[in-house]
Amino acid sequence: MTIPPGEYFVQGNDACVEGALASGVKFFAGYPITPSTEIAEGLAQRLKGQNGVFLQMEDEIACISAVIGASWGGAKAMTATSGPGFSLMQEAIGYAAMSETPVVLVNVMRGGPSTGQPTKASQGDVMQTKWGSHGDYQVIAFAPATVQEMFDLTVECFNYSEKYRVPAFLLSDAEVGHMRGLLRVPEKLNVIDRKEMGIRRTDEAYDVPDDLVKPFPVFGKGHKAIITGMTHTETGRIEPEDSKVHSDLVRRLNEKVLRNRKDINKWEMIGEGSKTMIISYGSSALGAKEVATKDPNVGLLRLKSIWPLPEEPIAQAARGAQRILVCEMNLGQLFFSIKRVAQDAGCKQVELLSKLGGEPPTPSEVRHKLRSMGAV
Amino acid sequence: MDIFEFYRKDRWPHVFCPGCGNGTVMNCFFRAFNEAGLSLDNTVFVGGIGCSSRVPLYINSDALHTTHGRAIAFATGLKLAKPGLKVVVFTGDGDLGAIGGNHFINGCRRNVDMTVICINNNIYGMTGGQASITTPHDFQSTTTPYGNKEYPFDLAEIAVAAGANYVARWTTRQVHELTKSMKSALQKRGFALVEVVSQCPTNFGRRNKMADPSQMLEWFKSNTVRRDKAKSAELDHVDLNLAGQITVGEFVDRNRECYEELIGVEKHG
Ligand SMILES: Cc1ncc(C[n+]2csc(CCOP(=O)(O)OP(=O)(O)O)c2C)c(N)n1
């Protein structure tokens, strides 16, 4: 079912398919949408018979709902979409957060708003990923920049969604999803499964205390579990009018992610301590990386995970820097969060290179912007 | 099994108003479930949002209380991920036919094995009496203060047309027939719908000159026309006008292969 370890030349979306299979995905529900469709097509091929279930549903609300349902049946479950479908999924994403359902959502971002640029890349859904559903909640989101990371970070999505019982997002874009490149499938993978109620285990998932992440009651095992999106107690008793139950629950749902930021966050740092630092993520970071690897005076912090916000590496990059450039394919979304952390860490000049239209910033655009900031 | 064993008694008092039909529906359902010889431990009850969708929370088994309108989509994923489970959905007319209409027709078409009990009270009960897609023409609701100018959906007929394996409709007045149909639905492989036309005296009856639950049951009784699935029925509808009729009966009972069989998943559950 999974491809043998080795080297392959594949498309980003195909690498995501392989990562999902390597993680043990058993259920996928999708609805066709560019530029994510290859993921659904790939899993339609592979999830057959005892390998798992592929389902094409009537819309994206149905997809995410079925994926949550499948997760309660004990399956590792995933869906993949892009902007318009992602917007449709928002209510159910909040449900997954509130009901603490491990699910993986791939959003291969395209240009919005609305139907926008179906075949072109953007990073316009970064804030939607964090804030798209109503209420206070936390998610985990990774931003791949290469074909390899489409594989590796899909695996991380499954691992962290299982470990913390939260919706986890692979926030890719049309550029990375359709990019072709080298995929190295390792011999051994670290795969984390949810800690199930009633089963004693001693592996990694147990390093999170039970009062922060409760053991997961799989249906059909006599737990008589009540799973609901309404304000509820630990035993699933709905208490929508009890302010303490609500406050305790919502705080815990947020804390279990925020307190474990260091465990979750992933990044790459080049030229740490440079006076000029670039902070970027996903395909926007590719041009910046070329600049930083060639110019000894320019450093780069490339965020591989963006939610929860990796405050520690941002502060670390900012501490010795005179100026920071943030590169994004939007009008400034992560920029404002980065700016807050960087300025708190003592870097006063934080600027944005914002690129719209569907292509990531080129190395010469990055250099040009750095020049205007007084660097290089 | 004693009927009271089905209830999560620690969840009482419940949210249903005096005179609500949900109690009758639950009572009939538990008897049917008992007679069908099913086990609560192996059954998951799925609900959307609404008074009717709250029923799963009072049953002594696993419950998945979901979002408004999406219960069938959640149930589809659950059933396919764990085909050994019995999956039962409790839903309302608004949940199933309005916001969830797309999942409803596609659920019938896809024919995944599940039993769907739709408590059709012809109104949005939980939100306080707004018109629903089954509110009869010219009836009153808080959002149709001049009478409902739209015409209602026939949920059972939609399910027949969309491909469900089993479809029946009764009112809360025909408890024996209702129980029997619920049992048939529970024993059917594939998508099975039992629509129960039920009374909401608080939010429907009160605004339509039937504030007393018994008046509503009287209304059901005098307007019910039975259609047997065996007889070829003349064109009927469930336009619940005061002058109209509520067609009840078993409308379809067939054995299209269910989706799990078609994809071979039930072998691996
Ligand atoms: C997306 C969304 N829209 C609206 C609501 C508010 N709402 C809660 S229950 C309900 C109506 C339920 O009606 P029905 O399904 O007929 O069930 P009943 O309460 O009558 O049994 C509505 C509109 C909601 N919870 N979610």
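**Ground rules.** I noted that the model is predicted, that local features need pLDDT of at least 70, that side-chain atom pairs count only at pLDDT 80 or more, and that totals for chains, interfaces and linings use all residues. I also noted that residues are numbered from 1 along each chain as its sequence is written, that chains are lettered from A and ligands numbered from 1 in the order in which they are written, and that side-chain values use heavy atoms, with hydrogens and water left out.

Lys294(A) is exposed at a relative accessible area of 59%, while Glu290(A) is partly exposed at 37%, taking buried as under 20% relative accessible area, exposed as over 50% and partly exposed as in between (1.4 Å probe, protein chains only).

I then turned to Arg46(A), which forms a salt bridge with Glu18(A), with 2.7 Å between the closest N and O atoms. This pair links distant parts of the chain, since Arg46(A) lies in helix H2 (residues 37-46) and Glu18(A) in helix H1 (residues 12-23) of chain A, 28 residues apart. Arg46(A) is partly exposed at 22%, whereas Glu18(A) counts as buried at 11%.

Lys76(A) and Asp193(A) also meet in a salt bridge, at 2.7 Å from N to O. Lys76(A) sits in strand E4 (residues 76-81) and Asp193(A) in the loop between strands E9 (180-185) and E10 (226-228) of chain A, 117 residues apart. Here Lys76(A) is buried at 7% and Asp193(A) is partly exposed at 36%. I recorded a network of salt bridges as well, linking Glu149(A), Glu268(A), Lys289(A), Arg302(A) and Lys304(A), and a count of 35 salt bridges over all chains.

**Entry on strand E12 of chain A.** I found six of the six residues of E12(A) (residues 276-281) buried, so the strand is largely enclosed by the rest of the structure. Thr276(A), Ile278(A) and Ser280(A) cover one side, and Met277(A), Ile279(A) and Tyr281(A) the other. Tyr281(A) has Leu303(A) as its bridge partner in E13(A), and Thr276(A) has Arg323(A) in E15(A).

**Entry on aromatic rings.** I checked Phe16(B) and Tyr58(B), whose ring centres are 5.5 Å apart with planes at 70 degrees, so the pair is edge-to-face; rings of Phe, Tyr and Trp (its six-membered ring) pair if their centres lie within 6.5 Å, and planes under 30 degrees apart count as stacked, over 60 as edge-to-face and the rest as tilted. Phe16(B) is buried at 11%, and Tyr58(B) is buried at 6%.

How values were computed
Helix = DSSP H or I, 4+ residues; strand = E, 2+ residues; numbered from the N terminus. Pairing = 2+ DSSP bridges. Salt bridge = Lys/Arg side-chain N within 4 Å of Asp/Glu carboxyl O.
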